Amino acid sequence: MNQNAEIIFLLCSHLLADVDCKPLEPSEWSRLADRLMQAGLEPKELPDMSDSTFGELAIGTEETRRIRQLLRRGANLTFELEKYQSMGISVVTRADAGYPKMLKARLGKRCPPLFYYAGDLSLAGKKCVGYVGSRNVDEIDQRFTEQTVSKVDARGYAIVSGGAKGVDTIAGDTALRNGSAVISYLADSMVKRIRSRDVIAAIQRGQLLLLSAVKPDLGFTAASAMMRNRYIYAQSVGTVVVRADYKKGGTWSGAVDCIKHEITPVFCWDDPKYRGNQALIKLGAIPIGENWDGDVTKLPEQPEEPIQLTLL
Amino acid sequence: MDAMIHARASEILRTIYGADATFREGQYEAIEATLTHHRTLVVQKTGWGKSLVYFVCTKLLRDQGQGVTMVVSPLLVLMENQLASAEAMGLHCAVLNSTTKDRRQEQLDAMRAGELDLVLITPETLFTDEVQAALPSIPIGLFVIDEAHCISDWGHDFRLEYTRLYRIIRQMPKTVPVLGTTATANDRVIADLKQQLGDDVYISRGELMRRSLSIQILPLSTSAERYAWILENVPRLPGSGIIYCLTQRDCDYLADFLQKNGIRAVAYHSGLEQTETNDAEQRLRENQIKVLVATIKLGMGYDKGDISFVIHYQQPSNIVAYYQQIGRAGRSIDRAYTFLMCGEEDRMIQEYFIETAFPSEQEARAVYDAVLSHAEEGITGRAVEGLVNIRKARVDKALMFLRNEEIIVKDGARYYPTLHPFRYDRAHYEAIKAVRYREQQQMRELVHTQGCLSRFVVNCLDDTTAEDCGICRNCLGYPEYPEHPGMDALRIAQTYLERLILPIEPRKQFPSKDFTGVFKIPVPNHEGLCLSKYGDPGYGMLVKQGKYGTPPGFCEELIGKSATVLRDVVRTHGITAVTCVPSLRSTIVADLAEALAQRLRLPFVQLLEKHGTRQQKDMENSYHQCRNAWRSFACIPDISMPARVILVDDIVDSRWTMTVCGYLLTQAGCESVFPFALADSSENRGNET
């Protein structure tokens, strides 16, 4: 980690969740980073900053105290981090060159200050197609997923998904079998995930990258599952919705959020059986059928190339 | 800023040591470097005042509202005068190690509440689950690594805690001040420490010569000569001291020999119970014993100011270790004596340690595959043994190695693979071996140098400022203590060593079939006897010659000695017959048993028979040995069973053969079984610590 990255880690990491001093939330960090940038300062200058400098940045006494307290966590956080590192889990922050660029470009201040990750981080630089959908799938859903993933693969895309049961797993496994790269933005339980022999093998082959914005051993929370949907969309050139429930569940709200904020083009299986899918198509999702050719660039209107932002 | 540090630091010094007190050369600079976000490394000899540096830093940091100072040290006993100066500064200190375990929770609570200013903690304690769980809520203001040379890349032998410390320090954010201290470091160690602390590390380095220590070399090649010299000279040495041995077994024997000859000696190594070693430390501290016979375990956890002598029973592995160990002596007294015994045998032992330090690639691979095959649910060490045919000690070594390389992790009692792929960096391990051989070579050069011995040692540690000490054997031009033992002492030692007999501890249970549980043996064997350590000089060598001689057969000396030893057994245990472990390959064991029976005037009866099988010595670990032994033996049908028998074998290793044979005999009606073997070939107690 470079020194700016160290500071982001100290301020934003939740590894020491049981301390009474709350780490900065993404929006809080973004606000602080903006102020630093405007004043021509870098995060690494925070530890030696005087009260008056904090004052000039319009940071109150209470907030200053909190920042200073968070900055003192260095030794403790290093101990915690080492436990995860010994398993093969690392940290990447917004101040690191390896941070997923698509996320920075598309989510701006809303992208998480840091990710825990396992696997080859450079995979996040590949062009990806997202896959989302229900945890409960039938054989037809499975076939649709496998067929379209294979077409997408053949065009050289990596697959990005949430690593959950159902559509996510089928999409990921298909791509891995085809020898393609897979990126999973996990919502929970990264530590448990990396004990699977298949996951170990795929990571060691350099085919799989796991990312998590939450503590690697944290269990499932709905909030975290919602957040990571956005990362999948932001990471992808286009995302395929295989099956969404109507007006309920993560797939539905994630897709609606993406369409509303125009994060990335949403492709949706045009199956008249699924009311959720039909509703998404009405909202603006691009309908695709079983014979879709996997070309996510063929659109009613082209998405702009991601803009490079120097965002810390 | 720095002027302020200087003013405050000087003020603190004066409040403790009076208005005239000034810092010793380098002390203030080290304090300032530590407090201004530098990585700092202090390489200064014992007594220079390294602890004062971190006491003053702690005081200043605590005044600023920073967290506790954590001093990680394998050497935990702060000397009285050091503690007194810490307290004079108003610092609240605590020691966290295995001996303060019962107060642990209380201490951790005090740390959470910010009531403690400085804690000394061993790496082992630091990485216990209990401390790790508490750590997130204890702010740390300063991180000190005492005896920092221990974490140097080459310096550790899979002491996992040191590897973890190494990794942690390397990536500690620049916001945390880190101070490393050591009295023992050559350029290589310093370069290595520099690498992990970062290139901008501030190094404080002074002369290392300890003027209170004299060195005398004792070229004595046999155990008997060394035993005799110690017996004769330890009572003539002032005060109390330490004898360092390379293996646990050497400590046990030598301590026993000295006790039997009226010298208050106690063994000290990691094969003993915690209570025993604590007791030994206590007794040495209170000068209730003359000498502690210890492995290097002692160097890592003990401090006493008035140790008057240190004797090396064998050559240590390198100068760094040697300097560290002789440095135990003469800390708060004007004069202390150190003796280094040496001979060809030492080289063989050292080479053994160097050669076996790393698991082979095959061993590491096999153990890794076993762990990988149970990735999801994890696997225990015992279960790994069930899957691979590798000696337990080697399985343990491979597990440590794999953990150290972060290829596997341990969570609770189970091992899991990590995401790091299996790798075996043969070239790297060979390079480490080569360094160790070079360091051993340096020890041999020390033994033969004609110049000042102390100067040679500190020169090896890259301190070139030293002058001749004036008090070592070479400076004086004559030995202060005799170089050879007298004939009387030599005879006593020889007699003792010849009578050394090893116990054969009975196994009390069998592993169950799937190795997940155990099955208790209703009538375990009696504790048996074994004449020698296989291959050791003396009887051990005769056994080896007998087994592989042409024709094979054990000599009269072995038979005579065995009969002498067993005569007592026959009398005290009411033995009624002699039998032996059957063999399909040769008759040497049966011949031996028959010869013994004749001398003991007892009947020899063949009670057991053997089926064809793999040789037990090809079975590497307990699980496989036990399974093999089970398949190999049976009682001869319808034989009339004697009441109490001596069960003879030539070589005992895992003890499973003796255990299974004993079980079969007692199941068939024998009352008790007394095992006897000529030699023990197990690796037990050959440990280094």
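**Helix packing, domains and the chain interface**

In the predicted model, A225(A), M226(A), N229(A), R230(A) and Y233(A) of helix 11 of chain A contact G250(A), S253(A), G254(A), D257(A) and C258(A) of helix 12 of chain A (contact: C-beta atoms, placed from the backbone, within 7 Å; helices are DSSP runs of H or I with at least four residues, strands are runs of E with at least two, both numbered from the N terminus). By class, the residues of this contact of helix 11 with helix 12 of chain A are four nonpolar, four polar and two charged (Ala, Val, Leu, Ile, Met, Phe, Trp, Tyr, Cys and Pro count as nonpolar, Asp, Glu, Lys and Arg as charged, and the others, Gly among them, as polar). Helix 11 (residues 222-235) and helix 12 (residues 249-261) of chain A pack at about 50 degrees with axes 9 Å apart (axes are lines fitted to C-alpha atoms, for helices over the stretch in contact, and angles run from 0 to 180 degrees between N-to-C directions). Helix 11 and helix 12 of chain A are therefore oblique to each other (under 35 degrees counts as roughly parallel, over 145 as roughly antiparallel, 65 to 115 as roughly perpendicular, the rest as oblique).

Residues are numbered from 1 along each chain as its sequence is written, and chains are lettered from A and ligands numbered from 1 in the order in which they are written. As the model is predicted, local features need pLDDT of at least 70 and side-chain atom pairs count only at pLDDT 80 or more, while totals for chains, interfaces and linings use all residues.

Chain A comprises domain 1 (3-87) and domain 2 (118-288), with bounds from an automatic or database domain assignment. The centres of domain 1 and domain 2 of chain A, taken over C-alpha atoms, are 32 Å apart.

Between the chains, chain B and chain A each contribute 27 residues to the contact. Strand 5 (140-145), helix 8 (160-170) and strand 16 (414-417) of chain B are the elements giving two or more residues to the chain B side. Helix 8 of chain B provides the largest share, three residues.

Chain B also contains an open sheet of seven strands, paired in parallel in the order 3-4-2-5-6-1-7 (a pair requires at least two DSSP bridges). Strand 3 (93-96) and strand 7 (202-205) of chain B are at the edges with a single partner strand each, so one side of each has no neighbour in the sheet. Strand 1 (residues 39-43) of chain B is joined to strand 7 of chain B by four bridges, and V42(B) lies opposite S204(B) in strand 7.

Notes
Two residues are in contact if their C-beta atoms, placed from the backbone, lie within 7 Å.
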